[in-house]
Amino acid sequence: MAVREILRMGHPLLLQHAEAVEAFDTPGLHALLQDLHDTMEAANGAGLAAPQIGVSLQVVVFGVRSNPRYPDAAQVPYTVLINPRITPLDDALEDGWEGCLSVPGLRGVVPRHQNIRYQGFDPQGNAIDRTVSGFHARVVQHECDHLIGLLYPMRMHDLTRLGYTSVLFPGMAEDADD
Ligand code: NI
C-alpha cells in the first residue's frame with residue numbers, strides 16, 4: 001500500500017498520450033492498481049488516472065460512495081478500467097462542475113456527453129462494457145481524458161466559470177481539491 005505524489009498541471013507527463021496495457025494480471029499491474037486506489041482514497045477523490053501518479057499507461061480507477069464532496073452525486077461503483085474506449089450515444093451535452101486532483105483548489109464548469117458507452121478491461125483482462133449517463137458518464141470522461149493528455153480546463157468553453165473552490169463554494173470542506 002502506497003500513497004503516491006499526484007502530479008499537478010504543468011507537469012509534461014500529464015500532457016502525454018498513455019500507452020496501452022499489454023499484459024494483464026501481473027504483479028506490476030496489481031501494484032499500480034493498489035497505489036492508484038490508495039492515493040485516490042487518501043485524497044478523497046472520485047477518480048484517478050495512472051499518468052497522475054507518473055505512470056503513462058491507460059489505466060484509470062474511479063468510484064463514488066456517499067462522498068461528502070459530491071453530496072448530490074449518484075453512487076458510482078468502484079471500477080478499474082484499462083485500455084478504455086468511450087462512445088457517445090447521442091449528441092446530448094450537459095454542463096457540470098468538475099475538479100481534479102492535478103489542479104488542486106479549483107473548480108470549473110465542463111460540458112460532457114450525457115450518455116455514453118464505455119468499454120475496456122478489468123485487471124484480469126475481462127471485458128467491461130457499460131452504458132451510463134449523468135455523473136457516472138462525467139467521471140469516466142474526465143478520467144479517460146487524462147489518458148490523452150487533457151485536463152478539464154482544456155474542455156471548458158467558458159473560463160469565467162473557472163474559480164477557486166473556497167471562493168465558489170465557501171461552505172465546502174477545506175480539503176476539497178478534486
Ligand atoms: Ni482529474
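Analyst: What follows starts at the metal, moves along the helix and ends with the strands and cores.

This is a predicted model, where local features need pLDDT of at least 70, side-chain atom pairs count only at pLDDT 80 or more, and totals for chains, interfaces and linings use all residues. Residues are numbered from 1 along each chain as its sequence is written, and side-chain values use heavy atoms, with hydrogens and water left out.

Start with the nickel ion. Its protein donors are Cys100 (SG), His142 (NE2) and His146 (NE2), at 2.1 to 2.3 Å. Donors here are N, O and S atoms within 2.8 Å of the metal (3.2 Å for Na, K and Ca); water is not among the atoms, so sites may look incomplete. Along the chain the spacing reads C-x41-H-x3-H. Cys100 sits in the loop between β4 (93–98) and β5 (106–113), and His146 in the loop between α2 (134–145) and β8 (162–164), so this pair ties together parts 46 residues apart in sequence. Helices (H or I, at least four residues) and strands (E, at least two) are DSSP runs, numbered from the N terminus.

Cys100 is buried, at 1% relative accessibility. His146 is buried too, with a relative accessible area of 1%. Buried means under 20% relative accessible area, exposed over 50%, and partly exposed in between (1.4 Å probe, protein chains only).

Now the helix. α2 has 12 residues and spans 17 Å from first C-alpha to last, close to the 16 Å expected at 1.5 Å a residue. That expected span is 1.5 Å times one less than the number of residues. α2 is mostly covered, with 10 of its 12 residues buried.

Cys144 deserves a check. The whole structure holds zero disulfides, a disulfide being a pair of cysteine sulfur atoms within 2.5 Å. For Cys144, the nearest cysteine sulfur is that of Cys100, 13 Å away. Cys144 is buried, with a relative accessible area of 10%.

Next, the packing. The largest nonpolar core has 17 residues, and those with the most contacts inside it are Val60, Phe62, Leu81, Ile116, Tyr118 and Val140. β2 (59–64), β3, β6, β7 and α2 each supply at least two residues of this core. The largest share, four residues, comes from α2. A nonpolar core is a set of buried Ala, Val, Leu, Ile, Met, Phe, Trp, Tyr and Cys residues joined through side-chain atoms within 4.5 Å. Leaving aside neighbours within four places in sequence, Val140 touches Phe62, Leu81, Ile86, Ile116 and Tyr118. Contact means heavy atoms within 4.5 Å. Apart from this core lies another, of 16 residues, among them Ile6, Ile53, Val55 and Val59.

β3 (residues 76–88) and β6 (residues 115–121) pair antiparallel over five bridges. Two strands pair if DSSP finds at least two bridges between them. Thr87 stands opposite Arg117 in β6. β6 also runs antiparallel to β7 (residues 127–133), joined by seven bridges. Gln119 faces Asp129 in β7. The hairpin of β6 and β7 has five residues between the strands, and Gly125 there takes a positive phi near 95°.
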